[in-house]
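Me: I am new to this structure and would like to be taken through its main features, one question at a time. Please define each term when it is needed.

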Amino acid sequence: MRRLIRVVAFIFISLITANYCLAQKITISGHIKDKNTGEELIGAGIYIPELKTGATTNMYGFYSITINKGQYNLTVSFIGYNSFSQSVNLNKNTKIDIELTANQKNLQEIVITEKKTDENIEEVKMSNVNLKMDAIKKIPAVLGEVDVIKSILLLPGIKSAGEGGNGFFVRGGGVDQNLVLLDEAPVYNASHLLGFFSVFNPDAIKDLQIYKGGIPAQYGGRLSSLLDIHMKDGNMKKLSVSGGVGLISSRLTVEGPIVPDKCSFIISGRRTYADIFLPLATNEMTQKSKLFFYDLNAKLNYIFNDKNRLFVSGYFGRDVFKLSNIVYMNWGNTTTTARWNHLFSDKLFSNLTLVYSNYDYSLGSDIGINSFTWRSKIEDISLKYDFTDYLNPDNTFRYGFSSTYHTFNPGDAEPNGEQSALNAIKLPLLYALESALYISNEQKIGANLTLQYGLRYSIFQNIGPATIYNYNKNHNSIDSTVYSKGKIFNTYSGLEGLEPRIGTKYSLTENSSLKASYNRTRQYLNLISNSTSSTPFDIWIPSSPNVKPQLADQVALGYFKNLKKNMFETSLEVYYKYMQNQIDYKDHAMLFLNKKIEGELRIGTTWSYGMEFLIKKQEGKFTGWLGYTLSKTERNIPEINNGKTFPSRYDRTHDISVVLSYDLNERWNFSANWVFNTGSAVTMPVGKAVIDGMSVPIYSDRNGERLPAYHRLDLSATLKAKKIENRKYFWDINFSIYNAYYQKNAYQINFKPDEDNPQNTAAYKLWIYATIPSITYNFHF
C-alpha cells in the first residue's frame, strides 16, 4: 500500500511539473517571404542566439519554434537576401510573418544552394543538393536553352544517360528508378525533342532538390532518387512579365496579384519555332514535315486566412514530330495538383494534396498498306495527406498517408484507313492501387547529435479485370487466369512492405560533422526499354504475380567540412547500394505490343558502391564547384551472360565535373563547365565466324566493352543592362558555346563491312553534337 501511494504521488507530482513547464512554453510561428514578390522562401533560417536554437522554413515557407517565455533577439537569414533582426518580448503564442529584401549584390553571384551558410554542417540530411534557378541559369546550355535536368548532371553521383539523352542515373540506379515530382505530381517522361531538352521551363520554377540517398519517409515508389521541383507561386505584390528569345525557342511568363497579398497567379509558356520555317524549304517532304514542342505552366494560390491556403497548379506539354506522311510521333505530360495548407495550431501544419498525372504517346505512319497508329499511356490519380508537428526545438514529427490509382495502357495499334493491310492489336488495360503510411521524427540530442528516424509502410494491389499468364521454368506460357472487374487478385504488403529510413549527424567542430544514413526503398512500377536512356516510346507495367517489386537497401557515410568562414564547402561521401528483383531482358526480346511480355523478362540483382567528393565556393566574384565520383555498378542475372556477373549499363567508373562562374563587374558574367566520364558499358561484336558460307558476328559478354570516354567544354558570357535608378525594364543577353573544342563524343558504335576490304568489319562512330553557338535575349519588367 505504501508503495502504491508513492507511485501515485510520483505521477501526480510529474503531471504538475509537466503542466508548469508547458505553461512556461510559448510558440512563435509564421511565414518567411520575399518582400518584392511575396514568394515564400524555402529553407530560410530562423535563429535565436540566446538559446542557440532555431528552425528552417518548410516547402511552404512556414516555421514554428517552441521556447520558454522571455525577451529574445530573432534573426532571419537566407542566401541572396539581407538578414533581418528583431527584438521580441514573448509571453504568449505569437505569429510573426517576415519579409526579406533581396541583396542586389548577392543576386549577381552564383548561389548553389538556398541554405544558411552552415546548414550543410548542421542539418542531418546528406546525399542531398538544393539548387536555385539563379545558379542554373548561369550554366552554359545547348542552344542557350536553360535545362534543369542537365544542371543536376554536373553533381557527384548523378550521371548522364548519354549524349542526346535526358534521363539520368543515380548511384547505379536506372532511369525509371528516379521519382521526378513537379508540385508533387509525378512526371513520367521529362524530356523534349527525344531527350535534347527537359520539360521544365526555367522561368516557372522556383526551387528544386534532389535526394541521392537518405530519402525522407514521406516519399517512396522509386529505388534510387527523388527530384522534387516546385513551381513559383506568382507575384503577390505587382504584375510582372519576363521571357526570352533564343535560336530555337521563346518563353513568356506573366505573374501578378489578383488580390494583393491574398491571391496571385502565374502563367508561363514556351515553344520552339523551327516548324514555322519548314514550309519555306525547297524540298516537298520537308515542307510537309513538323517539328516542335511546347510547355504551359499555370498556378493559382489563394490565402483564405492565417490558417488556410489553397494552391492549384498544372503543367501541359507536348512534342510533335512528323516527317511528311512517312512517320509521325507525339508525346506529352499533363499534371494537375490541388493543395490545401491548414494550420491546426501554431505547431501542427498539414497539407492535403490531390494529384492527376498522365503521360501518353503515339507513333504512326500513313504509307499505304503499312499505315498504322500505335498508342500507349500511364495515368495516375493520387490523394496525399501530410502532417508536420513541431513538438519542440528538439523534435519535429511528421506523419501521413498517400494512395495512388494507376491505369496502364501497355499499347494498342490500329490500321489507318481501309487501305492498310495491318490488323488491330489491343493489349488490355492494367489497374493497380499503391498506398502508403509513414511516420518520422527529427530529434536533437544535446548540442552535437541529431537523429532522423522513420518508417514507411507500402501496399500494392493489382485490380481486375486482368488476364494473368502462368509460365514454366523456361518462361513459356502454359495457361492463364482471368480476373473480373474490381477484383483484387494480388497484394504486396506485410513485413515486406516496411521501409525503414534512418539518418544521423554528429558535429565534430563548429565547421565539420560526420553523417550516416540507411534507407530501404521499394518500387512497384517498371519501365520496359531496351535503350540506356528514357525514350518517349518506353512502356510502363506494374508489379504482378510474375514480377515482384524492386527492392533497394542503401547505406552511406559522409564527412562535411567548411573552410575559411564557410566560404568553401567540402564533402566526402561513400555509399553501398544493393538492389533486388532487377529487370533485364532475354536476348532478342519482344518488348512491345506483346501481351506475354512478362515471359521476356529476366530477374536478378544489382549492386553499386562508390565515393563522391564535392568542393564548392558560393561567395565572391569567383564561384563554382568541383565534383568527382568513383563508382562501380554490377549485376547478376542467372539466365543472362551464362550466369556471370557483368557491368551494368549504368556503370561509369570515373565522373568529373567542373563548374566555374566569374563576375567581371556589375554587367558581365563569364561561366564555363567541363565534364569527363568513363564511356558506357555496351555489348559489341568482337569477331566473326563463317558458318555454311555465311558470316556470323561473335559478341562480347553482356556489356563487356566500352564506348570511348566522354568529355566536353561549354562556355558562356552574359551581358546585363546598365543599372539605372527607378529602372523598370531589365534585360540581359547570353552568349554560349556548347562543346567548345568540337569533341565528337560517341552516341553509338556501328559495324559494317570495310569499304576497302569487304572481308573485314569496320567500326564507325555515330556522334550528335558539333560545336553549337547560341544567343538568347532575356527580359523582365
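Predicted model: local features only at pLDDT ≥ 70, side-chain atom pairs only at ≥ 80, totals over all residues.

**Cavities, cores and strands**

Reply: A search of the whole structure finds seven cavities of 30 Å³ or more. On a 1 Å grid over the protein atoms alone, a cavity is a set of points where a 1.4 Å probe fits but cannot get out, and lining residues have an atom within 4 Å of a point. Grid points are joined across faces, edges and corners, and a volume is the space filled by probe spheres set on the points.

Me: What volume does the largest cavity have, and which residues are the closest to its centre?

Reply: The volume of the largest cavity is about 360 Å³. Its lining comprises 26 residues, and those closest to the centre are Leu179, Gly220, Ser402, Thr404 and Arg456.

Me: Which strand gives the most to the lining of the largest cavity?

Reply: Helices (H or I, at least four residues) and strands (E, at least two) are DSSP runs, numbered from the N terminus. At least two lining residues come from each of strand 12 (178-182), strand 25 (372-392), strand 26 (395-415), strand 28 (430-445) and strand 29 (449-463). With four residues, the one that gives the most is strand 26.

Me: Which residues of the largest nonpolar core touch the most other members?

Reply: A nonpolar core is a set of buried Ala, Val, Leu, Ile, Met, Phe, Trp, Tyr and Cys residues joined through side-chain atoms within 4.5 Å. Buried means under 20% relative accessible area, exposed over 50%, and partly exposed in between (1.4 Å probe, protein chains only). Of the 41 residues in the largest such core, those that touch the most other members are Ile152, Phe168, Phe200 and Leu227. The elements that each supply at least two residues of this core include helix 5 (148-152), strand 11 (168-170) and strand 17 (225-231).

Me: Which residue in strand 13 is the bridge partner of Leu181?

Reply: Strand 12 and strand 13 pair in the antiparallel sense over two bridges. The partner of Leu181 in strand 13 is Pro186.

Me: Which residue in strand 37 is the bridge partner of Arg520?

Reply: A hairpin joins strand 33 to strand 34 through two residues, and strand 33 (residues 498-509) pairs with strand 34 (residues 512-523) in the antiparallel sense over eight bridges. Strand 34 also pairs with strand 37 (residues 550-563), in the antiparallel sense over 12 bridges. Within strand 37, the bridge partner of Arg520 is Asp553.

Me: Is Gln461 buried or exposed?

Reply: Gln461 lies in strand 29. Residues up to four places away in sequence aside, Gln461 touches Tyr431, Ala432, Leu433, Ile488, Asn490 and Thr491, where contact means heavy atoms within 4.5 Å. With a relative accessible area of 18%, Gln461 is buried.

Me: Which residues are joined by a cis peptide bond?

Reply: Pro465 has its place in the loop between strand 29 and strand 30 (466-471). The cis bond, with omega of about 10°, joins Gly464 and Pro465.

Me: Is Asn739 buried or exposed?

Reply: Asn739 is found in the loop between strand 49 (730-738) and strand 50 (746-753). Although it is not a glycine, Asn739 has a positive phi of about 60°. At a relative accessible area of 1%, Asn739 is buried.

Key. Residues numbered from 1 in each chain as written. Heavy atoms only, no water. 1 Å grid on protein atoms, 1.4 Å probe; cavity = no way out; pocket = protein on both sides within 12 Å on 5 of 7 lines; lining within 4 Å. Pairing = 2+ DSSP bridges.
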